[in-house]
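Thanks for making the time this morning.

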Amino acid sequence: MTVPTPCTIRHHVIVDIPIDRAFAQFIERFGDFKPREHNLLRVPIAETVFEPRVGGHILDRGIDGSECRWARVLAYEPPHLVAFSWDISPAWQLEADLARTSEVEVRFTAQTPEQTRLDLEHRHLERHGSGWRGIADGVDGPGGWPLYLTRFVDLAKTDMTA
């Protein structure tokens, strides 16, 4: 059996808001920049919730009250770091085997008092087993993390004008 080479996807953005606000917006408004069409529920998403604590979840709540807990919060160190699991299989369904999940880490670094850099690293994608390259391509492609981060930058711009 061949062991896949470890795979890590990296992206970064810079937002013109202070580190505390950037971190808070990432957590509190995750559902405002996560595309609603990224949905494992059988009904439309009413809200996406990021539970701000180690052991919490990122979950989508459907319009009928159903929930899909698709990530577990692994690290929570405001305002510098948050990490969570990616509990979605190569078939784009929930992954029950936690050994077959990957991890996303987001680091926040103050560039100036009014500017923050976000470094996102999605690692251990090979843990997903057969089909892991499809996940890597999906999260690295234009509809994946680049879309989330672009929308986050746009959200931060609206914060500057508020």
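Let me begin with a question: does Arg 61 count as buried, partly exposed or exposed? With a relative accessibility of 25%, Arg 61 counts as partly exposed, where buried means under 20% relative accessible area, exposed means over 50%, and partly exposed lies in between, with a 1.4 Å probe and protein chains only.

Before going further, a word on the basis: this is a predicted model, in which local features need pLDDT of at least 70 and side-chain atom pairs count only at pLDDT 80 or more, while totals for chains, interfaces and linings use all residues. Residues are numbered from 1 along each chain as its sequence is written, and side-chain values use heavy atoms, with hydrogens and water left out.

Now the strands, which, like helices, are DSSP runs numbered from the N terminus (H or I, at least four residues, for helices; E, at least two, for strands). Two strands pair if DSSP finds at least two bridges between them. β2 (45–50) and β3 (57–62) pair in the antiparallel sense over five bridges, with Phe 50 standing opposite Ile 58 in β3. Six residues lie between the strands of that hairpin, and Gly 55 takes a positive phi near 95 degrees there.

β3 also pairs with β4 (residues 67–77), again antiparallel and over five bridges; here His 57 stands opposite Arg 72, and Leu 59 stands opposite Arg 69. The hairpin of β3 and β4 has four residues between the strands, and Gly 65 in its turn has a positive phi of about 90 degrees. Moving on, β4 pairs in the antiparallel sense with β5 (residues 81–86) over four bridges, Ala 75 stands opposite Ala 83 in β5, and the hairpin that joins β4 to β5 runs through three residues.

Please zoom in on Glu 51, in the loop between β2 and β3. Glu 51 is buried, because its relative accessible area is 15%. A polar atom of the Glu 51 side chain lies 2.7 Å from the backbone nitrogen of His 57. If we leave aside neighbours within four places in sequence, Glu 51 is in contact with Gly 56, His 57, Leu 59, Arg 69 and Val 73, where contact means heavy atoms within 4.5 Å.

Finally, the charges. A salt bridge here is a side-chain nitrogen of Lys or Arg within 4 Å of a carboxyl oxygen of Asp or Glu, and by this rule the count comes to 15. Arg 61, from my opening question, forms one with Glu 67, the closest N and O atoms being 2.9 Å apart; Glu 67 is partly exposed, since its relative accessibility is 37%. Arg 29 and Asp 32 form another, with the closest N and O atoms 2.7 Å apart, and Arg 29 counts as partly exposed at 32%, as does Asp 32 at 48%.

In the salt bridge of Arg 107 with Glu 105, the closest N and O atoms are 3.0 Å apart, and the two partners fall into separate classes, because Arg 107 is partly exposed at 41% whereas Glu 105 is buried at 13%. Both belong to a network of salt bridges that links Arg 10, Glu 103, Glu 105, Arg 107, Glu 121, Arg 123 and Arg 127.

How values were computed. A polar contact is a pair of N or O atoms within 3.5 Å; within protein, one must be able to donate a hydrogen and the other to accept it, and residues adjacent in sequence count only if both atoms are side-chain atoms.
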